[in-house]
Amino acid sequence: MFSLVSLVHLAEGAGDDVSAALAGLGAATAPTMPGVFNGGDLIAHFDFADEDAYRDALPAIDVVLEGSGVTRSDGAFYRHGRHGVGEPGLASGVYRALLLSVDRPVAADVLHRFEAETVRMPHYIPAIRNWRLSRVIEPRGERRWTHVWEQEYASIDGLMGPYMLHPYHWAHIDRWFDPECPDWMIDTRLCHSFCAFGRTVLGG
């Protein structure tokens, strides 16, 4: 399976029309919640059976994303990577997407170590109910996104508390993101966005 996630920045008053247009093309859509960072005003999440289906759908999607109701969008098209489903029926949870870019030269084994440590997070942080780490095939927007790290939580408290504040996060993962750390390799320009779709997009 493949997906496209778009973090959409809206022109004033355009939210309902843009959301309806993207939903009409098959997306799950929802407004972002307070506290996002470069996360836009609306998240649209599409699933595709294969890359050809994405290429076929893209022109109509771009008509909306490049229309007058949208001021900017960041996004990524990707093949589903490593994932885990702890709560497949999660219907009222919070979805979070982190778009990141490994923009410094790193050896393959270092990149694999970062990915392996990231997908260990749900082992230590049970507030992460469903998750997926994917390498990006086609970045869209302001950066050459290389990875999409998605999670679902039962509530926003799981993201803001146990995830953000857990020692595994700041003691093991943050070093990849911190310019003051020797292991830094990820562009500080991130997209951290979250919303409530009213259904799971990772637990299917």
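Residues are numbered from 1 along each chain as its sequence is written, and side-chain values use heavy atoms, with hydrogens and water left out. Because the model is predicted, local features need pLDDT of at least 70 and side-chain atom pairs count only at pLDDT 80 or more, whereas totals for chains, interfaces and linings use all residues.

The structure contains 11 aromatic pairs (rings of Phe, Tyr and Trp, the last by its six-membered ring, with centres within 6.5 Å; planes under 30 degrees apart are stacked, over 60 edge-to-face, and the rest tilted). One of these pairs, Phe46 with Phe48, is stacked, with 6.0 Å centre to centre and 10 degrees between the planes. Phe46 is buried at 2% relative accessibility, and Phe48 is likewise buried at 7% (buried, under 20% relative accessible area; exposed, over 50%; partly exposed, in between; 1.4 Å probe, protein chains only). Through ring pairs, Phe46 and Phe48 belong to a cluster with Phe2, Tyr54 and Phe77.

Disulfides (pairs of cysteine sulfur atoms within 2.5 Å) number zero in the structure. For Cys191, the closest cysteine sulfur is that of Cys195, which at 14 Å is too far for a bond. Cys191 is buried, with 0% relative accessibility.

Helix α5 spans residues 156-165, and its buried residues are Gly158, Leu159, Gly161 and Tyr163 (helices, H or I, have at least four residues and strands, E, at least two; both are DSSP runs numbered from the N terminus). The cover over these buried residues includes strands β6 (94-100), β8 (147-153) and β9 (191-195), together with helices α4 (121-124) and α6 (167-173) (contact, heavy atoms within 4.5 Å).
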